[in-house]
Structure formats: structure tokens, C-alpha cells
Amino acid sequence: LEQSDPVLYKSLVDNQYIVPDDFDEREIVLFRKKRMQFDASMYQVMVNTTLDCNLNCWYCYENRIAGSFLKSEVIEAIKKNIEQEYIKTSYRILKLSFFGGEPFLYFRGIKEILDFARNFCQFQITLDGDRIHHNQIKKDKDNPNQDTYEKTLRTIRLINDKIPNRWLAVRINFDNKTLEKIDEIIGDLDFLDRKYCFVILKKVWQLEKDKGNVPLLHASVQKFLDKKFLLDYYIMPKGDVCFAERHREVLFNYDGKVFKCSTISSFDDQNALGEFDLQSGQVHWNETKLSYWLKEMLPQNCIDCKLLPACLGPCNKQIMLHP
């Protein structure tokens, strides 16, 4: 190849498609992962505006706290933190996410932070099946007969029609019953602009893998693709690290406690990873706890796996939970 097409050969060598026998590709992958973890060009802020919710989904793992909401002093401290982080080490991208609970129960907190940041966030709206299945799961506590499926579709349509310069993710939490009604869901979402939205198919965690209807899932995927939807299993970019494993990421709870992961059941003192100074906006991390999120825990079978460059292994939280 070097003789017959030297330009192609040089390109393959320069981009490391062809490497010497003694070249340790695993070390390069692990180095790239570490570089992503400590990349300072993006500051990622997640905010739990509330741990309350107006619905009662059967698969929810959160410990709900009725009446909880983002306090004004915490909002002001988050604003200070965004400024202080930029002064300390200027970042190129500010990524804001909102979680809960149902974050839009306290919309004012979201609006204040977004107005301050002068940025836009990426919307993700969840459907739990067709109209009947969705309404059986997502019941409004104050109005149990409300058509929450139709209310969700109206919201999606408003975002699709009225908000420019945004990505819209429609996440479908599925079990086998949901997949059986996928044609109706696709029909209801057909109005979406394919250029600026995508669909996420996410299995509810209570459905065991061996109980899932795999042929039905494959057929559902194909139906979305046939309708020209951009489709993914989850929003995590391939070959990327989990946000909670990034050094420059923080989750602010409504009460001012700080964390890194959004998939924990209790946002309490035991799980908190540091202290948030509401006067200065500075986060004082507990370095002992923080080190577990940032250190390399990959088991040897992951390191030896040929899919490591695309996957980068499970997150440290899963490894700690399932050693």
C-alpha cells in the first residue's frame, strides 16, 4: 500500500489507522478519556429546581419532597458560581440542564437562570407510550382525569413552532406495551421538524432485558427511521464520558447541596459531595468523595475489549454499585 498509494498510506498512518506493533492503543484511549474528563473548555451546570412532582410514574426512583423549590438565595449563588468559574478559568461552552422532580413546577427558577446565562438549553420531553398508556402512567395528582398525553403533545408542538435555534429531544420510555402502540406515537409526532429534533428510545429500568420483546423493538426502530426521524437510544454521544465524571460539572440541588450525578435516589447530606457557599458562589468539594467520581475504575475486561474506544466503559457510579 505504501508503494501503490503513498498519499493514502500516509493519511492512514497520520490518523493512526495503521500503527506499529508495539503501539499501545489502549493507553491512548484511556488518555483520551482522561483528557475529556478534565477538559476545561465546557462548564456543565445541572440544577434540581424541585424534588416535587405533579405526576406519579410507577418507574420513578426519586424520593419526592413535596413543596420543595429552588430558593432565591440559591439562584443568586448559582449565578455567582457561573461567573466565578469563568473568571477562574474561562470556558468556551456553558451547558445548562434542569432536573428534579418535575423541574417546570418551578419555572421561575429556570427562567431566571436562563435569562442570566443568556444561553439556550436543550429540551427533552418524555412520552410513556400511546395516549392510553401514557395517561395511565402520568396522572396529574390534582386532576387525575386530565389528558396528560395531549398536554405533552401541545407543549412539544409549541416548542417546535415557536422556539428557533434549539434542539428538541422527545424521549420515549418504553416497555413492551409501549412498543405495541408505536405506530400511534409516530403518527402523533409526525409534525416535528426532522432537522431540529430527534427521538430517544429508553427502556424503563424495571423491564428486565430478557423480558423485552427484541423483534418488536427492532421493528419500532425501523419505523422511526422509515419516517426520517433521527433516532438514538440515549443522548450520550458515543465515545464520550458521562457528565458526572467530568471534573468541570456540578449539580446544584434546590436547597444548595452539591452533587455530580442526577440518577441518585436521595439528594441528602450522605450523598452530597461538598459545600456550596451561598455568599461567594464557590463550591468547596469534599476531595475524598470527589476522587471516586474521577479516578479510573475500569475492570480489566473493559480495558481489553475492542469496543472500548466507542464505549469508554460503564460510569464509576455503576462500577461502585455493582463491583
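Which element gives the largest share of the lining of the second largest pocket? In this predicted model, that share comes from helix 3, with three residues.

**Figure 1. Packing of helix 3 against helix 4.** Helix 3 spans residues 72-88 and helix 4 spans residues 107-117. The axes of the two helices lie 10 Å apart and form an angle of about 25°. Because angles under 35 degrees count as roughly parallel, helix 3 and helix 4 are described as roughly parallel to each other. The crossing of helix 3 with helix 4 is right-handed.

**Figure 2. Residues in the contact between helix 3 and helix 4.** Helix 3 contributes Ile75, Glu76, Ile78, Lys79, Ile82 and Glu83 to the contact.

Figure 3. The volume of the second largest pocket is about 280 Å³. Its lining consists of 17 residues, of which Glu85, Lys88, His247, Arg248 and Trp285 are the closest to the centre of the pocket.

**Figure 4. Elements and residue classes in the pocket lining.** Two or more residues of the lining of the second largest pocket come from each of helix 3, strand 7 (249-252) and strand 10 (283-285). Helix 3 provides three residues, the largest share. The lining of this pocket has seven nonpolar residues, together with five polar and five charged ones.

Definitions and conventions. Residues are numbered from 1 along each chain as its sequence is written. This is a predicted model: local features need pLDDT of at least 70, side-chain atom pairs count only at pLDDT 80 or more; totals for chains, interfaces and linings use all residues. Side-chain values use heavy atoms; hydrogens and water are left out. Axes are lines fitted to C-alpha atoms, for helices over the stretch in contact, and angles run from 0 to 180 degrees between N-to-C directions. Helices (H or I, at least four residues) and strands (E, at least two) are DSSP runs, numbered from the N terminus. Angles under 35 degrees count as roughly parallel, over 145 as roughly antiparallel, 65 to 115 as roughly perpendicular and the rest as oblique. A crossing is left-handed if the near helix is turned anticlockwise from the far one by less than a right angle, and right-handed if clockwise. Contact means heavy atoms within 4.5 Å. On a 1 Å grid over the protein atoms alone, a cavity is a set of points where a 1.4 Å probe fits but cannot get out, and a pocket is an open set with protein on both sides within 12 Å along at least five of seven lines; lining residues have an atom within 4 Å of a point. Grid points are joined across faces, edges and corners, and a volume is the space filled by probe spheres set on the points. Ala, Val, Leu, Ile, Met, Phe, Trp, Tyr, Cys and Pro count as nonpolar, Asp, Glu, Lys and Arg as charged, and the others, Gly among them, as polar.
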